[in-house]
Amino acid sequence: MKSCDQSTNRALLLTPAGVAAIAVVRMVGPGVESFLDRHFSRKTTIGRPVHGEIGDGERVIDDPVVARLSADRADVCLHGGTWVVHSFLELARSAGFEVIARPGLPLPESAVDGETEIDREVAASLPMARTELALRVLLAQPARHLHRLR
């Protein structure tokens with residue numbers, strides 16, 4: 001898995017823009033743990049999803065599931081309404097996170113996981129897929145790449 005610059009705090013919107021059932025924001029950087037300690041109602045553990053409330057003081061923004069991926073990476077799975085997503089990203093921004101939400105563009109490399117370069121490229125392009133066929137074509141790319149190498 002390729003990691004990102006460890007000195008920068010980033011909040012990256014992984015899901016496409018718009019209203020959906022769930023919106024996923026990947027948080028990366030040395031400030032992830034302190035952000036969650038301050039704004040999430042429950043203690044998180046690496047490798048274990050936790051349901052709780054996220055907010056700023058008395059103001060509750062949402063009741064997401066937070067999945068800690070490592071000490072400096074977490075996925076915050078919010079309800080997908082535009083107000084919830086915007087409020088969460090503004091909270092992250094006010095806490096010193098660089099917010100990256102790029103509708104219609106591939107995700108930055110720091111936002112995606114993958115064993116190989118092709119895996120990371122596919123994962124970065126997933127938010128741009130608008131149809132089932134587009135998803136199938138993207139997800140078939142690593143196998144096609146291996147076939148060509150043989």
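1. Both Arg-136 and Glu-132 are exposed, where exposed stands for over 50% relative accessible area, buried for under 20%, and partly exposed for the range in between (1.4 Å probe, protein chains only). The two side chains form a salt bridge whose closest N and O atoms are 2.5 Å apart; the term requires a side-chain nitrogen of Lys or Arg within 4 Å of a carboxyl oxygen of Asp or Glu. Because Arg-136 and Glu-132 are 4 residues apart in helix H4, about one helical turn separates them.

2. On the basis of the note: this is a predicted model, in which local features need pLDDT of at least 70 and side-chain atom pairs count only at pLDDT 80 or more, while totals for chains, interfaces and linings use all residues. Residues are numbered from 1 along each chain as its sequence is written, and side-chain values use heavy atoms, with hydrogens and water left out.

3. The chain contains 4 helices and 8 strands, arranged along the sequence as β-β-α-β-β-β-β-β-α-β-α-α. These elements are DSSP runs numbered from the N terminus, helices being H or I with at least four residues and strands E with at least two.

4. Of the 150 residues, 41% count as buried. Among contacts (heavy atoms within 4.5 Å) with a separation of 6 or more, 48% join residues 24 or more positions apart. The accessible surface of the chain is about 8600 Å², and carbon and sulfur atoms supply 55% of that area; the areas come from the Shrake-Rupley method with a 1.4 Å probe, and for residues only the protein chains shown count as cover.

5. Six strands make up an open sheet with mixed pairing, in the order E3-E6-E7-E2-E1-E8. Strands E3 (49–51) and E8 (98–100) stand at its edges with a single partner strand each, so one side of each has no neighbour in the sheet. On average, neighbouring strands are turned by 20 degrees against each other, direction ignored. Axes here are lines fitted to C-alpha atoms, for helices over the stretch in contact, and angles run from 0 to 180 degrees between N-to-C directions.

6. Within this sheet, E1 (residues 10–13) and E2 (residues 22–28) pair in the antiparallel sense over 4 bridges; pairing requires at least two DSSP bridges between the strands. Arg-10 stands opposite Val-28 in E2. Helix H2 (residues 82–94) packs on the sheet and touches E1, E2, E7 (73–79) and E8, its direction making about 150 degrees with that of E7.

7. The structure holds 5 salt bridges. One of them joins Arg-10 to Glu-98, with the closest N and O atoms 3.4 Å apart. This pair links distant parts of the chain, Arg-10 in strand E1 and Glu-98 in strand E8, 88 residues apart. Arg-10 is buried at 16% relative accessible area, whereas Glu-98 is partly exposed at 38%.

8. A further salt bridge connects Lys-43 and Asp-37, the closest N and O atoms lying 3.6 Å apart. Lys-43 is exposed, with a relative accessible area of 55%, and Asp-37 is partly exposed at 48%.

9. Leu-126, Leu-135 and Leu-139 form a nonpolar surface patch with about 240 Å² of accessible area together. Patches consist of residues with over 30% relative accessible area and no salt bridge, like charges being joined within 9 Å and nonpolar side chains (Val, Leu, Ile, Met, Phe, Trp, Tyr) within 5 Å. Leu-139 lies in helix H4 (residues 132–149) and is exposed, with a relative accessible area of 56%.
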